[in-house]
Amino acid sequence: MTFKLHNTLTGKLEEFVSLEPNQVSLYTCGPTVYDYLHVGNWAAYIYWDTLVRVLMANDYTVNRVMNITDVGHLVSDADEGEDKLEKGAKREGKTAWEVADFYTKDFLNNSDRLGLVTPQHIAKATDFISQQLDLVRTLKEKGYTYQIDDGVYFDTSKFPTYADFAHLNLESLQAGARVKFNPQKRHPSDFALWKFTPEGEERDMEWQTPGDLLEEQRVAASGAVPIMGFPGWHLECSAMAMSLLGETLDIHTGGIDHIPVHHTNEIAESEAATGKRFSNYWLHNNHLKADGTKISKSLGNGYTLDDLEKKGFTPHDYRLFVLQSHYRTEGNFTFDNLTAAKNRLHNWRNNAALRHQIHDTLTDDRDREADNKAVSLYATSQALLEALGNDLNTPEALMLIDDAFSRLLGAKLENIHRHALVELLETIDNTLGLQLIDSSDDISDDSKRLIVQRTNARNNKDWSQSDALRDELLGQGIVIRDTLSGSVWEYVA
Ligand code: AMP
Ligand code: ZN
C-alpha cells in the first residue's frame, strides 16, 4: 500500500519514502508551557498523533521527538516582546521554572487522557542548552552570525534559499519593517539565535554566554559580570531535533503559523550548519477556529479540555470532533459540533458492543468469505487504512466507518462475523485512537438474565412484566432495541 503525504517543502502530495526502510524519524514542535493548552493546540497534537498511529499501522517503527518550549518563545514569535514563560511567571506570582513545570505536567497528563501515543523523546529546551550553544558556535565558525547589543543573530542574507520554504517576499518584508524592527539588525528577516539578558533585568531562566560566542568583549558596567543569555525558540527545535534524530529527519510537523518564521528559521540555521537537508517532509496542520473566529484568550474562546469536561464532553468526544476535519482544512469548534461528535461516538460504541452479542460460528477463512457477502467489515478495515494512507484523510475514514456500521444496523445478527467486527474495531482504535474496544465492555450476567426474562415475557405477551424489566434495565444504563433477529442491548446515551 502506498503512503502519501502533502509535503510543504514541494507543495505536493508525495509518496512517503523513509531514509531507512520501515523506520521514521519524526519531530513535532511541542507546546510553549506558559498556560493551559486550548482546543486549537490540542487539535494539532491529535492530528500528529494520528500520523504516528498511521505510520505504525503501515509497519514503520517511529522514533519521535516532541519538544517542550520552556524558554525563549517571545510573545511576537520573532525577536521582540517578552518571553512567554517570564510573562506567565509574573501573571501567576511564580518563577518561570515553576510555571514551566506546572504546565508541562498538565500537558502530559491531558495528552494521556486524550490517548496520545507518548513520543520516544520529550525534550525540554532547558535541558539542551549546551547543544544549542554548540549549534551557535558552528554557525559562528561558518560565518553565519553577527552580534548586536541584544544578542547573537543569524544573517539570513548568507543563506540564499532563505525565502524558498515559505515563498517569502523579502523585499516587502524589508519595506514593512522600517519602523517595527530592531534597527541594529542587518535585515528584517535576521533572527536571534541567542539573546542577552538586558542589563538591569533579572530573568529566572538564563545561562552564561560562552566567551567564544561573543564577537567582542561586552563587559557590563561592573566590569566582571558575565553576559547572561537565553536561546531563541527556533534554535531550540533545530538543536534538539538534530541531537536526538540526526542531521536529516524524515518528517517535521507543526502548525501553519510556523511556516513563515519558525520553520523557515529552523531550516536556515540547521542547513547552514550541516550543509544537508534538514527534513525530507514537512507537514502543517491548518488552524481551528472557535465559534467562527480566531481562537484567542481575550475573546473567551480559548476553551481548554477542562472547559469541555465541565460541560459533559470527554477527551475522546473531542478527539472524534477533530478527526471530522482533514488536518489541512480550517476547522471550526462549536459546542453543537462537539455534541454531534459525541453522539456519533456513542453510536459507534454501541456497534462495538455488538461483538458481545454475536457468536463465533465460522472458521476464519469461511468467515472472511461470508463477511464479504454480508456486511464486508474486512473490506472496511482495508479501505480505512487506504484512506488514512492518502494524506491522513480522516473525514473519509470516518465516513467508511459510518457506512459499515449502518450496514450492521440492517443486518441479521447471524450474518455479522465477530472476527471481522473485532478486526475493524482494532483498526479504528489503532489508527484513530478512539478506544472503542476499551469503552464498550460487556454487560453483567445479571443484566443478561433480565434481558432473557424480558424476551420470555414478550413471547408470553406479558406486556406489563416486559415493560417493568425494560425499566429495570434502563436503571442499569442499558436500553433494548428489538430487531428482526432478536433483541440487541445498547448503552443509554
Ligand atoms: P504554542 O504553544 O503557541 O507554540 O502552540 C502549540 C501548537 O499549537 C503549535 O503547533 C501551533 O501551531 C498550534 N496551534 C496554535 N493555535 C492553533 C489553532 N487555532 N489551531 C490549530 N493549531 C494551533
Ligand atoms: Zn519548533
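Visitor: How much space lies in the largest pocket?

Guide: The model is a predicted one. In this model, the space in the largest pocket comes to about 1200 Å³.

Visitor: Which element supplies the largest share of the lining of the largest pocket?

Guide: The lining comprises 45 residues, and Tyr 34, His 38, Asn 41, Lys 84 and Asp 257 are those nearest the centre. At least two lining residues come from each of α1 (39-57), α2 (84-92), β11 (249-255), β13 and α9 (315-323). The largest share amounts to 7 residues, and the element that supplies it is α1.

Visitor: From which domains does the lining of the largest pocket draw at least three residues each?

Guide: By class, this lining holds 16 nonpolar, 19 polar and 10 charged residues. At least three of the lining residues come from each of two domains: domain 1 (18-285) and domain 2 (305-432).

Visitor: Which helix gives the most to the lining of the second largest pocket?

Guide: The second largest pocket has a volume of about 330 Å³. Its lining has 18 residues, with Ala 78, Leu 173, Phe 181, Pro 260 and Val 261 closest to the centre. By class, the lining divides into 9 nonpolar, 3 polar and 6 charged residues. The greatest contribution is 3 residues, given by helix α7 (residues 259-274).

Visitor: Why is the arrangement of donor atoms around the zinc ion (ligand 2) classed as it is, and what is that class?

Guide: The zinc ion (ligand 2) is coordinated at 2.0 to 2.7 Å by Cys 29 (SG), Cys 237 (SG), His 262 (NE2) and Glu 266 (OE). Four donors count as tetrahedral if all angles lie between 85 and 135 degrees. Here the 4 donor atoms subtend angles of 73 to 132°, and therefore the arrangement is irregular.

Visitor: How many residues apart are Cys 29 and Cys 237?

Guide: The donor residues of the zinc ion (ligand 2) follow the spacing C-x207-C-x24-H-x3-E in sequence. Cys 29 belongs to the loop between β3 (23-28) and α1, whereas Cys 237 is in helix α6 (residues 233-245). The pair thus links distant parts of the chain, and the separation is 208 residues.

Visitor: Which strands stand at the edges of the open sheet of 3 strands?

Guide: This open sheet has mixed pairing and the order β14-β13-β15. Each edge strand has a single partner strand, so one side of each lacks a neighbour in the sheet; the edge strands are β14 (293-294) and β15 (331-333).

Visitor: Which residue in β15 does Lys 289 stand opposite?

Guide: Strand β13 (residues 288-290) pairs with β15 in the parallel sense, over 3 bridges. Opposite Lys 289 stands Asn 332.

Terms used:
Residues numbered from 1 in each chain as written. Chains lettered and ligands numbered in written order. Predicted model: local features only at pLDDT ≥ 70, side-chain atom pairs only at ≥ 80, totals over all residues. Heavy atoms only, no water. Pairing = 2+ DSSP bridges. Helix = DSSP H or I, 4+ residues; strand = E, 2+ residues; numbered from the N terminus. 1 Å grid on protein atoms, 1.4 Å probe; cavity = no way out; pocket = protein on both sides within 12 Å on 5 of 7 lines; lining within 4 Å. Points joined across faces, edges and corners; volume = space filled by probe spheres on them. Nonpolar A, V, L, I, M, F, W, Y, C, P; charged D, E, K, R; others polar. Domains from an automatic or database assignment. Donors = N, O, S within 2.8 Å, 3.2 Å for Na, K, Ca; no water. Tetrahedral: all angles 85-135°; square planar, octahedral: opposite > 155°, others 65-115°.
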